[in-house]
Amino acid sequence: MRATRIAITLGITFGFALLAGAAGAQTTPPTRDDIVGKLNHFEEAAEVDLPALKTQVMERAKARIKNDPGPVNRPLIAPDLANLPTFTTQIQFDADTPIIQPGSYQTVGRIADALVHASLLPYTFLIVGHVESNTKTREANAILSQRRADAIRDVLVNTFKISTKRLHPIGLGEEQFLDRAKPTSVVNSQLQIATFAKVPDEAPAHPAAAPAPAAKKPAKRH
């Protein structure tokens, strides 16, 4: 009987250890090399007009379409993004806000470390926010996803000193689910960093015009 109790106790202890290990694995921040490995396969820029895409997201999220196919069959609003090298991660925010929880700052820091890696310095990046289907309106979720993408951009710029010219935040709300088969899944609230384009070459500064030679004074007559 005693041996049975010991076996049960060991089994329970081992089970808790496995659960704890699994939880730790889920919350372990990615390494810089993990992120660089996902993002450094850029081939060509996507045909995406970001200002127009932001407008399209809000217009579609606000629209009341009679024949809306529903979240499972709703067409992707920016399918070309799937062709970009992308790193996907879970950033924890306070409920219904763009406030990043302290436990996710390490992940944001690792993203910053990756973006200044030599192989990624020539590129610009999208910060893509998503929201899972929930009780809120699609319009509210589109706004929230944009605010969260903006929040990540702001931390990367203000805290980690990444050039704002290299970062383009875009919120897709419910308009481009990461798991279309499960619209309410927490997977659909993940953040994506995508290698977007090469950093544009800066136009060379025009050299200052050389000063005009001083006029010669006429020679004095003797």
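**Close-up views of a predicted model**

**View 1. R60, R138 and E175 are tied together in a network of salt bridges.** A salt bridge here means a side-chain nitrogen of Lys or Arg within 4 Å of a carboxyl oxygen of Asp or Glu. This is a predicted model, so local features need pLDDT of at least 70 and side-chain atom pairs count only at pLDDT 80 or more, while totals for chains, interfaces and linings use all residues. Residues are numbered from 1 along each chain as its sequence is written, and side-chain values use heavy atoms, with hydrogens and water left out. Zoom in on R138 and E175, and their closest N and O atoms are 2.8 Å apart. That pair links distant parts of the chain, 37 residues apart: R138 is in helix α5 and E175 in the loop between β3 and β4. Helices (H or I, at least four residues) and strands (E, at least two) are DSSP runs, numbered from the N terminus. Both R138 and E175 are buried; buried means under 20% relative accessible area, exposed over 50%, and partly exposed in between (1.4 Å probe, protein chains only).

**View 2. Two salt bridges join sequence neighbours, D33 with R32 and D154 with R153.** The N to O distance is 3.2 Å for D33 and R32, and 2.7 Å for D154 and R153. R32 counts as partly exposed because its relative accessibility is 36%. D154 is also partly exposed, at 34%, and so is R153, at 21%. The whole structure has six salt bridges.

**View 3. R166 reaches the backbone oxygen of L120.** A polar atom of the R166 side chain lies 2.8 Å from that oxygen. R166 is found in the loop between α5 (138–158) and β3 (167–171), and counts as buried because its relative accessible area is 8%.

**View 4. R147 and P98 pack their C-alpha atoms 5.7 Å apart.** Along the chain, the two are 49 residues apart. R147 is found in helix α5 and is partly exposed, at 45% relative accessibility.

Technical notes. Polar contact = N/O pair within 3.5 Å; in protein donor to acceptor, adjacent residues only side chain to side chain.
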